[in-house]
Amino acid sequence: MRKIMCKDHGGETVADYHCTKLKPVAQESCLIPCPNDCVVSGWSDWTACSSQCFDGKLTPYKTRNRTVIAPPGPGGHQCPPASEMTQIESCNTHDCHKFSWLTLPWQPCNATCGQGVQVREVWCMEDNEMKLPDARCQLLPKPPEWRPCTKRCPEPCVYSDWTEWSSCQNLPTCTKTDKDELIYTQRTREILSGENCNEHLIERIPCKKISGKCPEYNWALGSWSQCQMGPDRTCGSGLRARDIWCSADGSSTHVEIKYCIKTQAKVPPSIERCHVDCSKPCTVTDWSHWSPCDQPCTGVRSRTRQLIDQSSAHLACRDYSLVEVAQCPCSSVFVFRSILSPFGVQRLLSSGSRTVPLLFLAVWTVSVDRALYTVISIPDDDLNVWFCFLFSDQSSAHLACRDYSLVEVAQCPCSSYYSKPMSKWSACLTNGTTGLCGIGTRYRSVGCFDENNEIVDPNLCGGSTGLEEEPCFVECPVDCAYSEWTPWSECTALCGPGVQNRTRKIIREPLNGGQECDQTVQWKPLIQS
């Protein structure tokens, strides 16, 4: 490596832009000799410049050389050729006249895209130190102050096609607040390629205006009935029931139960077990579920019940046991199934079977083709699950109803699915035959969505793999191009050592990361005899 500085005629270091010639290389490769290689000395100091200034005919130059210290041995690296044992550089290239032109660096190209012009300042200098009016240098050819230039144009924007307008079907008919709302339909597109893309990517147009606050649907509960037992029984286990209906905004008006089923997480129980004590005038609810145990076989669990009807006010029931505590079991396994009959629900457990009589008040009754159906809820205390059953009053025992259609089958409705991009395009990936440029492919992920804009299985969008691809093109690098070398110039000496040079011009600048331009002047030593 070496340090390269720009100096004036007096040997003082000045800014690099004062030196208008091509800057010499600051570093070059070197070779550490191995055994049996040719050994050469280091470079000598540069000789003095052959002239103090450039007279317009021969360019001043300086030289340095190196010598062979040891010739190569068997299998060793050969010595450099004679042309590589001497180096030549130009020096003192300023004009020999007292006045000379000084060129400043070129300004950036003034074009925003395509062809433009570069300009620079050219000063008339005295002894390369003082700026003078241009008239003082009029006898010298003035270097050009402008030159044509080309600036790469940005790639035009390319957009994807617009998606379909979002659906205006199945939109809400009311608002969550008292304010009116305007529902919009929209479509989108994406930027596929290009620079400075400013056009909008989303379009929206009004679709529907909705007003009025949506009603709030809640379950309305009637009062519990008295605890009822089977025929000829006045105490023991029984059932009590209550009415349940769906209401809007807390009114007493009954609405279709589908609204409450859609908005409420759970249907309240319409029937629950109860117990009338045979020795005391006390009526209680059935025991609640056992509290959870932290770990099997350790600790205790509890369950509770409540006094109902008029029992809570009776003196005899004040000390009635309402809490039961037991050790946590080591395991609890139940095997069960439910069988529907017109007389009751028979539950088969691992410990045996029992039949629960159905004594209840109607929760709601609907008429379908003149057959009455009653919907009730029965709690299962072992598994904390509510079962809902349909009962057909006396229809199941009627001969005319045995072949009645109880199952209806229909085609599933068609759903609407659409695809849309979920990522930007990847970089263009070329195949192995064309290297890193030329025709290739780019990719982006695509999702499949339903009418609610929820992502679903890609197969619902026509067997999509979730990946979209399209062809693309990567411009190949273009190297710097030169004209042919000129013939070698005359030798600078009539006899003895001298130098020759030749030049070439740059006819094409590098593009797309191509090889940069190299030197345009070459020198070689010559010895005249």
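**Reading the model feature by feature**

Guide: I202 has a relative accessible area of 49%, so this residue counts as partly exposed. Please keep in mind that the model is predicted.

Visitor: Where does I202 lie in the secondary structure?

Guide: I202 belongs to strand β15, which covers residues 202-210.

Visitor: Which residues make a nonpolar surface patch with I202?

Guide: Nonpolar side chains join into a patch if they lie within 5 Å and their residues have over 30% relative accessible area. Here I191, L201 and I202 make a patch of about 230 Å².

Visitor: What share of the contacts join residues at least 24 apart?

Guide: Taking contacts between residues at least 6 apart in sequence, 59% join residues at least 24 apart.

Visitor: How should I read a contact list for a single residue?

Guide: A contact means heavy atoms within 4.5 Å. Neighbours within four places in sequence are left aside, and S247 is then in contact with E216, Y217, N218, A220, T253, V255 and C260.

Visitor: Is S247 buried or exposed?

Guide: S247 is buried, because its relative accessible area is 5%, and the cut-off for buried is under 20%.

Visitor: Now to the aromatic side chains. How many aromatic pairs does the count come to?

Guide: Two rings pair if their centres lie within 6.5 Å, and planes under 30 degrees apart count as stacked. By this rule there is one aromatic pair. It is formed by Y418 and F449, whose ring centres are 5.9 Å apart and whose planes are at 25°, so the pair is stacked. The pair links distant parts of the chain, with Y418 in strand β30 (residues 418-421) and F449 in strand β32 (residues 438-449), 31 residues apart.

Visitor: Where does a charge sit over a ring, as with R189 and R204?

Guide: For Arg, the test places CZ within 6 Å of the ring centre and within 35 degrees of the ring normal. The charged end of R189 sits over the ring of Y159, 4.2 Å from the ring centre. The charged end of R204 sits over the ring of Y184, also with 4.2 Å to the centre.

Visitor: How many salt bridges does the structure hold?

Guide: A salt bridge needs a side-chain nitrogen of Lys or Arg within 4 Å of a carboxyl oxygen of Asp or Glu. The structure holds 11 of them. In one, the side chains of E195 and R152 meet, with 3.5 Å from N to O. This pair links distant parts of the chain: E195 is in the loop between β14 (191-193) and β15, and R152 is in the loop between β11 (146-151) and β12 (158-159), 43 residues apart. E195 is partly exposed at 34% relative accessibility, while R152 is exposed at 61%.

Visitor: Which residue forms a salt bridge with R240?

Guide: The partner is E272, and the closest N and O atoms are 2.5 Å apart. R240 lies in strand β17 (residues 236-241) and E272 in strand β20 (residues 271-276), so the pair ties together parts that are 32 residues apart in sequence. Both R240 and E272 are buried.

Visitor: What of the salt bridge of E324?

Guide: E324 forms a salt bridge with R303, the closest N and O atoms being 2.8 Å apart. E324 is in strand β23 (residues 323-327) and R303 is in strand β22 (residues 300-304), 21 residues apart, so this pair too links distant parts of the chain. E324 counts as partly exposed at 29% relative accessibility. Elsewhere, salt bridges that share partners join D134, K142 and E145 into one network.

Notes. Residues are numbered from 1 along each chain as its sequence is written. This is a predicted model: local features need pLDDT of at least 70, side-chain atom pairs count only at pLDDT 80 or more; totals for chains, interfaces and linings use all residues. Side-chain values use heavy atoms; hydrogens and water are left out. Patches are made of residues with over 30% relative accessible area and no salt bridge: like charges are joined within 9 Å, nonpolar side chains (Val, Leu, Ile, Met, Phe, Trp, Tyr) within 5 Å. Accessible areas come from the Shrake-Rupley method with a 1.4 Å probe; for residues, only the protein chains shown count as cover. Helices (H or I, at least four residues) and strands (E, at least two) are DSSP runs, numbered from the N terminus. Buried means under 20% relative accessible area, exposed over 50%, partly exposed in between (1.4 Å probe, protein chains only). Rings of Phe, Tyr and Trp (its six-membered ring) pair if their centres lie within 6.5 Å; planes under 30 degrees apart count as stacked, over 60 as edge-to-face and the rest as tilted.
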